[in-house]
Amino acid sequence: MGLQNIEIAQAARMQPIGRVARERLGIPEESLEPYGRFKAKVSLDYIRQLDDRPDGKLLLVTAISPTPAGEGKTTMTVGLGDALNLLGRKTVVCLREPALGPVFGMKGGAAGGGYAQVVPMEDINLHFTGDFSAIALANNLLAALVDNHIHHGNKLGFDVRRIAVRRVLDVNDRALRETMAGLGGAANGYPRQDGFDIVVASEVMAIFCLATSLA
């Protein structure tokens with residue numbers, strides 16, 4: 001029997017992310033925001049410096065239903081990137097961050113599989129750089145602000161039957177898809193039917209994905 005995905009990932013000899021960025025992509029270490037030794041974000045200032053460079057070629061891998069062995073979009077993308085680099089093409093793979101809901105569900109992780117996966121696999125599948133947690137908190141704060149405004153008189157005249165901003169969490173939990181909120185008396189707000197969405201389906205996530213700056 002062959003090695004499991006996690007065994008392959010844990011046996012990989014990872015290089016420091018600063019070295020990978022410098023030697024493979026030409027990104028200076030001062031343009032990185034490190035998250036430990038093997039993860040980092042690239043600064044927006046550095047990305048803006050690339051505006052005058054010609055665009056590269058984009059290959060989009062999408063709409064692949066995984067095989068029973070889990071070979072889907074991510075595995076195909078990582079394998080394709082490895083193959084192009086092996087052929088001498090300077091290639092970078094861009095993947096979306098896994099959501100914890102599917103990771104802990106039947107689908108499992110989203111860092112590829114076999115020898116066509118990205119590492120550190122456990123970190124990528126579990127919180128990565130913490131963005132999802134920050135987005136969840138920001139979204140839930142907005143939901144709480146709306147509730148608080150209504151509780152203190154609803155000066156803006158929100159129609160409480162049509163409020164679309166729901167609280168979110170990064171777990172698949174059927175019991176929380178539809179809930180009753182605001183029970184327990186006037187101090188706890190107004191009773192209503194409510195529910196939770198998954199973080200990646202939140203309004204704040206949509207804004208985050210379309211943002212081009214920190215302003």
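Where does proline 120 lie? Proline 120 sits in the loop between β4 (116-117) and α6 (121-125); here helices (H or I, at least four residues) and strands (E, at least two) are DSSP runs, numbered from the N terminus.

## About the model

This is a predicted model, in which local features need pLDDT of at least 70 and side-chain atom pairs count only at pLDDT 80 or more, while totals for chains, interfaces and linings use all residues. Residues are numbered from 1 along each chain as its sequence is written, and side-chain values use heavy atoms, with hydrogens and water left out.

## Backbone points to look at

Let's start with the backbone around proline 120. The peptide bond that runs from valine 119 to proline 120 is cis, and its omega is near 5°.

Two residues other than glycine have a positive phi. For phenylalanine 128, phi is near 55°, and the residue belongs to the loop between α6 and α7 (131-151). Its relative accessible area of 30% makes phenylalanine 128 partly exposed; buried means under 20% relative accessible area, exposed over 50%, and partly exposed in between (1.4 Å probe, protein chains only). Asparagine 154 also has a positive phi, of about 55°, although it is not a glycine. You will find asparagine 154 in the loop between α7 and β5 (167-169), where it is buried, with a relative accessible area of 19%.

## Threonine 129 and its contacts

Threonine 129 is in the loop between α6 and α7. With a relative accessible area of 15%, threonine 129 is buried. Leaving aside residues up to four places away in sequence, threonine 129 touches Tyr35 and Lys41, where contact means heavy atoms within 4.5 Å.

## Salt bridges

How many salt bridges does the structure hold? There are 13 salt bridges, each being a side-chain nitrogen of Lys or Arg within 4 Å of a carboxyl oxygen of Asp or Glu. One of them joins lysine 39 to aspartate 123, with the closest N and O atoms 3.4 Å apart. This pair links distant parts of the chain, 84 residues apart: lysine 39 is in the loop between β1 (32-34) and β2 (40-42), and aspartate 123 is in helix α6. Lysine 39 is buried at a relative accessible area of 13%, whereas aspartate 123 is partly exposed at 31%.

Arginine 167 is partly exposed, with a relative accessible area of 24%, while aspartate 147 is buried at 17%. The side chain of aspartate 147 also meets that of arginine 192 in a salt bridge (2.7 Å, N to O). Because arginine 192 lies in strand β7 (residues 192-194) and aspartate 147 in helix α7, this pair ties together parts that are 45 residues apart in sequence. Arginine 192 is buried, its relative accessible area being 14%. Elsewhere, salt bridges that share partners join Arg19, Arg22, Glu23 and Glu29 into one network.

## Aromatic rings

As for ring pairs, the count is zero aromatic pairs. The rule is that rings of Phe, Tyr and Trp (its six-membered ring) pair if their centres lie within 6.5 Å, and planes under 30 degrees apart count as stacked, over 60 as edge-to-face and the rest as tilted.

## Cysteines

A search of the whole structure finds zero disulfides, a disulfide being a pair of cysteine sulfur atoms within 2.5 Å. Cysteine 94 is exposed, with a relative accessible area of 74%, and cysteine 209 is exposed as well, at 57%.
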